[in-house]
Structure formats: structure tokens, C-alpha cells
Amino acid sequence: MRSLTISLLLGLILSMGLFDSATTLAVSDQPAFAQSGPTEDVPFPLYTPPRKLTPRARVGGGLRGTDGKDPEIVALVPDHVGLTVKQAPSLNWFLSKPTSLPIRFTLIDIRSVKPIHEGPIPTPGQAGVQSLSLKDLGLTLEPDVQYRWYISAIRNPDSPSTDIVAGGVIERCEFSTCLVEMEVDLGCDQQSVLRNAVRGFWYDAMSCLCDLITANQKNASLRRMRAALLKQVGLNGVAEWDLKSAPPEK
């Protein structure tokens, strides 16, 4: 009966065009997200970590201060492996101040020492929360495999030890498991942020929330939702910076 249920669900999703039939159990990496309306009645998201944890997975810690000449970089991730349902998700990170330093992205399959990708990405034009799409880089994640990822600001190309580095660990769960057993929400609106956070899908909840904020820059309620998520994983400094720097509401 369970296999029949999974088959029916996958058939429904295929008929709705949520993922390419040539891709094995892979959800669309670019779901449409809803324009946000008033959110005062929407509760803050409550993040529930997955059962399978990798302690001390975050690199770079939290925001310490921005008085120095160099920027700080913070990966917007929990300090354990974070889950996603997407083959090519977006990764979010924070830059404390504008910089001219070159930025490098590295992705490592933990089963291998050699990175599967290491290369430059555009240096952001402004401080704040940044988004990096693996799809734009032509990268995909295998299911049930943990990957370490890093954002590095290069101070001196001849001295890698001086790089400013932050990063985290991500794992994509097998699609039918995500859908049937863990009840992942494939949409992107305020309610899906709440549902995916409580079900342990950190990357899907955070990237959706960041997309909603990008489309609704002056919506303070969305900023408060993001701050609530960040504080739950110990990123209080980034949360406070984000709230203070938000454009005033109309």
C-alpha cells in the first residue's frame, strides 16, 4: 500500500510539472514563491533539527563585530548538518560590510578529499544576506550524501591561511522520503517556511524566506521571521544587524 501511495504522489507531481521526468526523484529547484502580504498574524518559525546530527558543522561562528578593516562572513546555517529536498538549492551567507576582496566558493563531498567545485563567485556589491544558487553553478547534490561548503574572502592569494572563511554542511534527503515520511512543503510562502522549519528542512525554509524578503524589502514581519530562525541556531549578531538595517516600512 505504501509503495502505491508513493507512486501516486510522484505521478501527481510529475503531472504538475514540479520536476523533470528525466531527473530521478528530483524536485524543481526554482519553485514559484508568493508575494507576501500582511504577516502580523503569522507566527515565528520554529526550527526542529533533524535526528541525524553532525555536531560542530558550522565554520566561522557568529558575527563578532565590524570595526576592523576586513569584513566578516557568516554562513546562515545551524551548527549541524542541514537538510534540503532540492537537487540544486540556494545557500545563504552574510557579509558584514562591502568589500573589494575576491570571493571563492568551495563544495566538498565528504567522501572525498578533493573539492568537487572550487572557484570564484562575484563579490557582492553591498553588505547583508547573500544567496548563492548551486543551479547557477551547474552543481547538483546526490541524495543521502553530506557536503561541506565554504565561502572565502581572499586576503592574500599566496597565503590561504589568511582567508576569511565561513561554511556549513548540507544533505539532500531522498525525494520520496522527504515527501511521504517527512512531509516537506514544495512551495515557497510564509506557511511553507513555518512547515519546513519545524520539519527540519533548514535550507528550504531559509532560502525561501530570503527570496520572500528580496521580493518584499520593506516587509518587517518577514525580517522578524528570519531573525527568529537565525537566533535559534545561535546567529544572534546577524539577526540583530539584519533587523536594524531593514528599510523602513511604508
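Tutor: Start with two strands. β4 and β7 (residues 146-153) run antiparallel and are joined by seven bridges. Strands here are DSSP runs of E with at least two residues, helices are runs of H or I with at least four, and both are numbered from the N terminus. Two strands pair if DSSP finds at least two bridges between them.

Student: Which residue in β7 does L107 stand opposite?
Tutor: L107 stands opposite W149 there. On β5, L107 stands opposite H117.

Student: How many bridges pair β4 with β5?
Tutor: Five, and the sense is antiparallel. β5 covers residues 117-121.

Student: Is β4 mostly covered or uncovered?
Tutor: Mostly covered. Six of the seven residues in β4 (103-109) are buried. Buried means under 20% relative accessible area, exposed means over 50%, and partly exposed is in between, with a 1.4 Å probe and protein chains only.

Student: Before we go on, what kind of model is this, and how are things counted?
Tutor: This is a predicted model: local features need pLDDT of at least 70, side-chain atom pairs count only at pLDDT 80 or more, and totals for chains, interfaces and linings use all residues. Residues are numbered from 1 along each chain as its sequence is written, and side-chain values use heavy atoms, with hydrogens and water left out.

Student: What is the mean pLDDT?
Tutor: The mean is 82, and 78% of the residues reach 70 or more. pLDDT is the predictor's confidence in each residue, from 0 to 100. Over residues 1-39 it stays under 50. Where pLDDT is low, the predicted coordinates should not be read in detail.

Student: Back to the strands. What is the order in the sheet?
Tutor: The order is β2-β8-β7-β4-β5, an open sheet of five strands with mixed pairing. β2 (82-84) and β5 stand at the edges with a single partner strand each, so one side of each has no neighbour in the sheet.

Student: How do β2 and β8 run?
Tutor: Parallel, joined by three bridges. β8 spans residues 164-172. T84 has R172 in β8 as its bridge partner. Helix α4 packs on the sheet and touches β2, β7 and β8. Contact means heavy atoms within 4.5 Å.

Student: New topic. How many aromatic pairs are there?
Tutor: Two. Y47 and W202 have ring centres 5.0 Å apart and planes at 75°, so they are edge-to-face. Rings of Phe, Tyr and Trp (its six-membered ring) pair if their centres lie within 6.5 Å; planes under 30 degrees apart count as stacked, over 60 as edge-to-face and the rest as tilted.

Student: Where do Y47 and W202 lie?
Tutor: Y47 is in the loop between α1 and β1, and W202 is in helix α4, so the pair ties together parts 155 residues apart in sequence. Y47 is buried at 8% relative accessibility, and W202 is buried at 1%.

Student: And what about the rings of F94 and W241?
Tutor: Their centres are 4.9 Å apart and their planes are at 75°, so this pair is edge-to-face. F94 is in strand β3 and W241 in helix α6. F94 is buried at 0%, while W241 is partly exposed at 25%.

Student: How many salt bridges does a search find?
Tutor: Nine in the whole structure. A salt bridge is a side-chain nitrogen of Lys or Arg within 4 Å of a carboxyl oxygen of Asp or Glu. One of them joins R223 and D242 at 2.7 Å, N to O. R223 is buried at 7%, and D242 is buried at 2%.

Note on methods:
Axes are lines fitted to C-alpha atoms, for helices over the stretch in contact, and angles run from 0 to 180 degrees between N-to-C directions.
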